[in-house]
Amino acid sequence: MIDEPLPGQRAGRVMLIIAWLVALLLAAWLFGNWEDGRRNPNQAPQSRHGEGFIEVQLASGKGGHYLLDGQINGSGVTFLLDTGATQVAIPLEVAETLGLQKGAPIRVHTANGSATGWRTSIQSLQLGDIRLQQVAAIIVPKMPGGQVLLGMSALKQLEFTQRDGSLVLRQNAALPEEVE
């Protein structure tokens with residue numbers, strides 16, 4: 001004859017199983033956050049203000065890429081800095097979510113081949129406390145990853161230096177016109 005567990009023993013086993021499941025879920029959640037932090041260590045970039053400038057220092061992520069969370073027209077996006085991109089390049093799905101208008105069609109050449117994209121303009125682009133206005137961009141179909149490539153149409157408005165796995169973006173304040 002097989003002994004049936006007592007009601008208290010059955011409840012104890014159920015509680016033990018629930019505890020293990022909660023521990024596994026918590027471990028998976030923590031690992032996911034840790035991995036996201038390794039991929040994009042600049043999810044909340046800090047800005048440094050000086051006399052006449054604003055700087056944002058970025059740490060390189062997994063693979064040596066510079067990713068950072070910022071905003072386009074007040075909506076959150078993740079940028080991938082790409083000095084080889086002439087324009088800011090926005091995946092079609094992201095552009096639609098942001099409500100960006102498609103302008104004149106343009107032929108784009110990407111790592112995924114050639115496609116027809118559209119010119120657009122970003123009213124406001126924010127990286128930490130750095131704010132850029134009226135930035136030329138291109139909406140690109142079939143662009144994987146959901147990240148916005150931060151190209152030279154934005155980066156040319158900033159100074160940037162890279163050293164020891166760190167990249168500093170610097171926006172200098174416009175100097176007031178001299179009065180004679």
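User: How many salt bridges are there in this model?
Analyst: Please keep in mind that this is a predicted model. The contact that counts is a side-chain nitrogen of Lys or Arg within 4 Å of a carboxyl oxygen of Asp or Glu. By this rule, the number of salt bridges is two.

User: Is Glu-55 buried or exposed?
Analyst: Buried means under 20% relative accessible area. Glu-55 has a relative accessible area of 14%, so this residue counts as buried.

User: How many residues apart in sequence are the parts that Arg-170 and Glu-55 tie together?
Analyst: The side chains of Arg-170 and Glu-55 form a salt bridge. Arg-170 belongs to strand 11 (residues 166–172) and Glu-55 to strand 2 (residues 53–59), so the pair links parts whose separation in sequence is 115 residues.

User: Over the face of which residue does Arg-170 lie?
Analyst: Arg-170 is partly exposed, at 24% relative accessibility. Besides its salt bridge with Glu-55, Arg-170 sits 3.7 Å from a ring centre, and the ring is that of Phe-53.

User: How far is the charged end of Lys-102 from the centre of the ring of Trp-118?
Analyst: A charge sits over a ring if NZ of Lys or CZ of Arg is within 6 Å of the ring centre and within 35 degrees of the ring normal. Lys-102 has its charged end over the ring of Trp-118, and the distance to the centre is 4.0 Å.

User: Which residue in strand 8 is the bridge partner of Ala-89?
Analyst: Strand 5 (residues 88–91) is covered on both faces, with Val-88 and Ile-90 buried on one side and Ala-89 and Pro-91 buried on the other. Strand 5 pairs with strand 8 (residues 130–140) in the parallel sense, over four bridges. In strand 8, the partner of Ala-89 is Ile-138.

User: What is the accessible area of the nonpolar surface patch that includes Val-14?
Analyst: Val-14 lies in helix 1 (residues 7–39). With a relative accessible area of 41%, Val-14 is partly exposed. Val-14, Met-15, Ile-18 and Val-22 make up the patch, and together their accessible area is about 360 Å².

Conventions. Residues numbered from 1 in each chain as written. Predicted model: local features only at pLDDT ≥ 70, side-chain atom pairs only at ≥ 80, totals over all residues. Heavy atoms only, no water. Patch = residues over 30% accessible without salt bridge, like charges linked within 9 Å, V, L, I, M, F, W, Y side chains within 5 Å. Areas by Shrake-Rupley, 256 points an atom, 1.4 Å probe, with all protein chains shown as cover. Helix = DSSP H or I, 4+ residues; strand = E, 2+ residues; numbered from the N terminus. Buried < 20%, exposed > 50% of the residue type's maximum accessible area, 1.4 Å probe, protein only. Pairing = 2+ DSSP bridges.
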